[in-house]
Amino acid sequence: MQDSAVESQYKGRLVLIVGPSGSGKGTVISILKKRHPDWIYPISYTTRKRRPTEVDGEVYHFLSREDFEKGIEDGDFLEYAIVHSNNYYGTSKKDILNALEQGKIVVREIDIQGFESIKEVVPAENLTSIFLMVDSLDDLIGRILKRGKLPEEEIKRRMQSAQNEIAKKDKCDFVVPSVTGQVEQCADQVEKLILERA
Ligand code: 5GP
């Protein structure tokens, strides 16, 4: 039986930003990075193809499927998931747990499956989850298309994932509205929640 009086081994706090593709998670995190360079923003691993605007090692390390599966075998991931039915995404166990041991605030965007896995391994007192909620699915399609042309199939997959994620939004500690054109306000609310709980 777990003894609730036992103190968590971690001093820090992991903040997971959850929400459908296009809900503004990446932009909110880039705003937080500027405001709080002392917080930790761990780089995840994915087998998805790098977009032309992306740099390896900024938000993701881009891996082959073979290398990712080797990482799974070696136990390198705190969690991993197949997202949008086709690619692996995973967070680094070492990077996140080391930062939590050192008492840092760690902020990472993640899909809902990853959030559910992390809830099983990181104590609730060290975890905050914030779901970014868009106005409508139409709004979301508009935002996703703005990133550049995507194949019809990919858009369908992302919409399917969006519906699955939105259905589970209340599992997160907080739901913050992400209104088109008001990303700074969304970042303000996220920042306030993190600072209040830090
Ligand atoms: P994108 O391909 O648009 O960068 O991300 C697709 C989805 O993967 C988003 O919902 C994003 O939050 C999620 N994601 C990004 N990094 C991770 C991760 O390390 N683990 C998991 N499970 N999902 C992630």
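Guide: Two strands are said to pair if DSSP finds at least two bridges between them. The strands themselves, like the helices, are DSSP runs numbered from the N terminus: a strand is E over at least two residues, a helix H or I over at least four. The structure is a predicted model, in which local features need pLDDT of at least 70 and side-chain atom pairs count only at pLDDT 80 or more, whereas totals for chains, interfaces and linings use all residues. Residues are numbered from 1 along each chain as its sequence is written, and side-chain values use heavy atoms, with hydrogens and water left out.

Visitor: How do you know that strand β2 is joined to β3 as a pair?

Guide: Strand β2 (residues 44-46) is joined to β3 by three bridges, and the two run parallel. One of the positions involved is T46, whose bridge partner in β3 is F62.

Visitor: What makes β3 and β4 the edge strands of their sheet?

Guide: This open sheet has four strands in the order β3-β2-β5-β4, with mixed pairing. Both β3 and β4 pair on one side only, which places them at the edges. Neighbouring strands are turned by 25° against each other on average, direction ignored; such axes are lines fitted to C-alpha atoms (for helices, over the stretch in contact), and angles between N-to-C directions run from 0 to 180 degrees. Helix α2 (residues 65-73) packs on the sheet and touches β2, β4 and β5, its direction making about 45° with that of β5. Helix α4 lies across β4 and β5 and runs at about 155° to β4.

Visitor: What makes Y60 and Y89 an edge-to-face aromatic pair?

Guide: Rings of Phe, Tyr and Trp (its six-membered ring) pair if their centres lie within 6.5 Å; planes under 30 degrees apart count as stacked, over 60 as edge-to-face, and the rest as tilted. The whole structure holds eight aromatic pairs. For Y60 and Y89 the separation is 5.7 Å centre to centre, with 65° between the planes, and the pair is edge-to-face. Y60 lies in strand β3 (residues 60-62) and Y89 in strand β5 (residues 87-92), so the pair ties together parts 29 residues apart in sequence.

Visitor: Why is the pair of F68 and F77 called stacked?

Guide: The ring centres of F68 and F77 are 4.4 Å apart and the planes stand at 15°, so the pair is stacked. Ring pairs link F68 and F77 with Y45, Y80 and Y88 into a cluster.

Visitor: How do you know whether F68 is buried or exposed?

Guide: Buried means under 20% relative accessible area, exposed over 50%, and partly exposed in between (1.4 Å probe, protein chains only). F68 has 0% relative accessibility and therefore counts as buried. F77 is buried too, at 11%. In contrast, S85, in the loop between β4 (77-83) and β5, has a relative accessible area of 63% and is exposed.

Visitor: How do you know that C172 is in no disulfide?

Guide: A disulfide requires two cysteine sulfur atoms within 2.5 Å. The structure holds zero disulfides. For C172, the nearest cysteine sulfur is that of C186, 13 Å away. C172 is buried, at 7% relative accessible area, and C186 is likewise buried, at 2%.

Visitor: What makes up the largest nonpolar core?

Guide: A nonpolar core is a set of buried Ala, Val, Leu, Ile, Met, Phe, Trp, Tyr and Cys residues joined through side-chain atoms within 4.5 Å. The largest has 19 residues, and those with the most contacts inside it are L14, L16, V18, L100, F115, I118 and V122. Two or more residues each come from β1 (13-18), α3 (93-101), α4 (112-121) and β7 (127-133). The largest share, four residues, is that of α3. A second, separate core of 18 residues includes W39, V107, V176 and L193.

Technical notes:
Contact means heavy atoms within 4.5 Å.
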